[in-house]
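Please look over the sequence and the structure shown below before reading on.

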Amino acid sequence: MKPINFGLLLSLMLGPAAVTGALALFAPLSPIPAHAETILPHPMAPNATTHYVSSVSGSDDNDCTQGAPCRSIQRAVDQAADGDEVLIAAFDNAASALYTATGMAPVVSVDKSLALRGGYVYVHLVGPGTWQRNPLLPSLSTVDGQNTRQGIHISGDVTVILEWLTLRNGHAERGGNLYAENATARFAAVWVSGGTADYGGGLYLKNCHTEFDAVNFELGDLGDLSAAILVQDNTADYGGGMYVDGGDPALSAFAVVSNTATADGGGIYLNQGEALIAGGVILENQAAQRGGGLFLDDSYARIAGTAVYSNTASQGGGFYLDGPLAIWPLNIPIIANNYVRYNQGGGFYIYKAIAGLANNIIADNSGGQAAMYLEAASPYLIHNTFANNASSSALHLAHEPGQVFPPSLPIPSLPFLTNNIIASHTVGVYADSTGLPYPLENRVTLEGTLWWDNGARSDGPGQVVSDADVSGDPRFICIGTLPECVAPYHLGDGSAAVD
């Protein structure tokens, strides 16, 4: 695999045009909540009170005022009323602040609408001192679970703003560093790392809304990033980085990097619900079983404008879709305008699902039997590019076998492809056979496919039906990585795929 410039990749995928275009694509498909877009900083509520926290010089016997800060975030949260804000020191004079707790309870539990704003430097040489962020040397305030307890627990019909925070080393059954249920969580410059859990090593969001405000902040070796949230180096059985359980959260301006699932969903696990993922990077995550980048479990998510790069799994290195077998078009996942590249274990594994895929680049993936493996699945694909995948085929059709007792018929794969490019594979499409006639036979229907440089267009005993085929060089502008190749696999002048 070629080296990837992470900072440039993130900047490209988080660009306003990418997010806006992705959202526009979904407009006619289903209503998208207004909070899907990156938004401006949240103002304080009228008559709100500001509470101050410093773990260095503060005391929980204080009243959390500017000159007499509390020591713990929890003490300030307990004193606060709905709509208040809590300013959290990252530095107290020259000393670094750290926020943790004792026992098994979360470091911070929140059941009211608050703004938790970190990154402040508390300077108090004379008088009550000043609280300010340093725009030249930005810092994050650190909540540390010490591998023993959860970082932040949010519950109830509340809105909690999280700004300029590091949540690290949290541990819980669900949501090592952050758990939120039935709430709206708003993120700006939040780094979630080192968490462990059964579900959602970094974050667990249950029936939540989310809002994102991209901010420039420094993250060590990763450089100066413009993002709302970075989820990195977390571990769980399911959803190494993030577990999203129902609801319709909108994820934007995010990076999910180097997380691990011992079972499924190395980067993100989506359990049902209607999540919207638009404008982010899912990079170098791994799952021992299924879905290195993302695992969709009966989820009708909308995923667009996202780079899914260099993830690893036994099945579905980039994506694993497990259901739904829905017919109503508003209840199926839509995956559009994404780069799915360099994943090990194939780009997609789709099992017993109907989905829509449009304008995706599925290239340079390896492992598995195909770049996209279908098992009893019937997606509709339009304007996708399959290129240079080091698997046996670009697309593989398989079925779920029938059985004698209890009696059942096989479930075939019946995908439709319109205006796709299939280039540089050993076999373009491989169709296995159920041994029964159509519609119980595996069958792929292709309209207007551009074939180029494949060893064979199709193979296997199943049915391949094609019409309006085109053969010719797609003339990709470039096929490398950033910064030399800004738009890989886009069409150049004279492409046989144009018009």
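## Briefing on a predicted model

Glu400 and Lys352 form a salt bridge in which the closest N and O atoms are 3.5 Å apart, a salt bridge being a side-chain nitrogen of Lys or Arg within 4 Å of a carboxyl oxygen of Asp or Glu. This pair links distant parts of the chain, since Glu400 sits in the loop between β39 (393-398) and β40 (416-418) while Lys352 sits in the loop between β33 (348-351) and β34 (356-358), 48 residues apart. The model is predicted, and local features need pLDDT of at least 70, side-chain atom pairs count only at pLDDT 80 or more, and totals for chains, interfaces and linings use all residues. Residues are numbered from 1 along each chain as its sequence is written, and side-chain values use heavy atoms, with hydrogens and water left out.

**The chain as a whole**

- The protein chain has three helices and 47 strands, where helices (H or I, at least four residues) and strands (E, at least two) are DSSP runs numbered from the N terminus.
- Of the 499 residues of the protein chain, 56% count as buried; buried means under 20% relative accessible area, exposed means over 50%, and partly exposed lies in between (1.4 Å probe, protein chains only).
- Among contacts in the protein chain between residues at least 6 apart in sequence, 73% join residues at least 24 apart, a contact meaning heavy atoms within 4.5 Å.
- The protein chain exposes about 18,800 Å², and carbon and sulfur atoms supply 53% of it; accessible areas come from the Shrake-Rupley method with a 1.4 Å probe, and for residues only the protein chains shown count as cover.

**Salt bridges**

- Side chains of opposite charge can pair when their charged atoms come close.
- By the rule given above, the count comes to twelve salt bridges.
- Asp264 forms one of them with Arg290, and the closest N and O atoms of this pair are 2.8 Å apart.
- Because Asp264 lies in strand β24 and Arg290 in the loop between β27 and β28 (294-297), the pair ties together parts that are 26 residues apart in sequence.
- Asp264 is buried, with a relative accessible area of 2%, whereas Arg290 is partly exposed, with a relative accessible area of 23%.
- Lys352, the partner of Glu400, counts as partly exposed at 24% relative accessibility.
- Arg457 forms a salt bridge with Asp469, with the closest N and O atoms 3.6 Å apart.
- Arg457 is partly exposed at 36% relative accessibility, and Asp469 is partly exposed with a relative accessible area of 32%.
- Salt bridges that share partners join Glu85, Arg117, Arg133 and Glu163 into one network.

**A parallel sheet**

- Strands of a sheet pair through backbone hydrogen bonds, either parallel or antiparallel.
- Five strands form an open sheet in the order β11-β14-β20-β24-β27, and the pairing is parallel; two strands pair if DSSP finds at least two bridges between them.
- The strands β11 (171-174) and β27 (286-287) stand at the edges, each with a single partner strand, so one side of each is left without a neighbour in the sheet.
- Strand β20 (residues 235-238) and strand β24 (residues 260-264) pair in the parallel sense over three bridges.
- The bridge partner of Tyr238 in β24 is Asp264, the residue that also forms a salt bridge with Arg290.

**Cysteines**

- A disulfide is a covalent bond between the sulfur atoms of two cysteines.
- The count comes to two disulfides, with a disulfide taken as a pair of cysteine sulfur atoms within 2.5 Å.
- Cys64 and Cys70 are buried, and both Cys478 and Cys485 are buried.
- When the bonded cysteines of the protein chain are numbered in sequence order, the pairing is 1-2, 3-4.
- Cys208 is buried, with a relative accessible area of 2%.

**A nonpolar patch**

- Val123, Leu125 and Val126 form a nonpolar patch on the surface, with about 330 Å² of accessible area together.
- Patches are made of residues with over 30% relative accessible area and no salt bridge, where like charges are joined within 9 Å and nonpolar side chains (Val, Leu, Ile, Met, Phe, Trp, Tyr) within 5 Å.
- Val123 has its place in strand β6 (residues 114-123), and at 33% relative accessibility Val123 counts as partly exposed.
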